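Open the model in your viewer and keep the sequence panel beside it. We will go from one selection to the next, and at each stop I will tell you what is there.

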Amino acid sequence: MMPHFPYLFDSAGHRKSDQQIYEESNMNPSSAYLNYLPYTNKRLEDLVLHIRQNDPNAVILLCGD
């Protein structure tokens, strides 16, 4: 479901407080989304690397909405 709301982590992967998540969603949701993207991309990169290490012949499809 990443990078959809709720944006639980900052760009470095640190967990945000519930208060911070609530405030960002009401005050500047586009900024929270853009801050969440680097974390999301890093998680996807790690996932693809893990799959390729375990099965070099795997076909990996990443799809979004």
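**First stop: Thr40**

Select Thr40, which counts as buried because its relative accessibility is 5% (buried means under 20% relative accessible area, exposed over 50%, and partly exposed in between, with a 1.4 Å probe and protein chains only). This is a predicted model, where local features need pLDDT of at least 70 and side-chain atom pairs count only at pLDDT 80 or more, while totals for chains, interfaces and linings use all residues. Residues are numbered from 1 along each chain as its sequence is written, and side-chain values use heavy atoms, with hydrogens and water left out.

Thr40 is found in helix α2 (helices are DSSP runs of H or I with at least four residues, strands are runs of E with at least two, and both are numbered from the N terminus). Which residues does Thr40 contact, leaving aside its neighbours within four places in sequence? Show Met2 and Pro3, and you have them; contact means heavy atoms within 4.5 Å. Now draw a C-alpha to C-alpha distance from Thr40 to Pro56: these residues are 16 apart in sequence and 23 Å apart in space.

**Second stop: the aromatic rings**

Stay in helix α2, which covers residues 29–54, and select Tyr36 and Tyr39; they sit three residues apart, about one turn of the helix. Both tyrosines are buried.

The structure holds five aromatic pairs. Tyr36 and Tyr39 form one that is tilted, with 5.9 Å centre to centre and 35° between the planes. For such pairs, the rings of Phe, Tyr and Trp (its six-membered ring) must have centres within 6.5 Å; planes under 30 degrees apart count as stacked, over 60 as edge-to-face, and the rest as tilted.

What kind of peptide bond joins Phe5 and Pro6? A cis one, with omega about 5°. Pro6 has its place in the segment before α1 (18–27).

Return to helix α2 and pick Ile51. Ile51 is partly exposed, because its relative accessible area is 29%. Not counting residues up to four places away in sequence, Ile51 touches Ala58 and Ile60.

Next, go to Leu62, in the segment after α2. Is Leu62 buried or exposed? Leu62 counts as exposed, because its relative accessibility is 56%. Leaving aside neighbours within four places in sequence, Leu62 is in contact with Leu44 and Val48. The C-alpha atoms of Leu62 and Leu44 are separated by 8.9 Å, although the two are 18 residues apart along the chain.

**Last stop: the whole chain**

Zoom out and colour by secondary structure: the chain has two helices and zero strands. Its radius of gyration is 14 Å, well over the 11 Å that the globule rule gives for 65 residues, so the chain is more spread out than a compact globule. That radius is taken over C-alpha atoms, and the rule is 2.2 Å times the number of residues to the power 0.38. Of the 65 residues, 14% count as buried.
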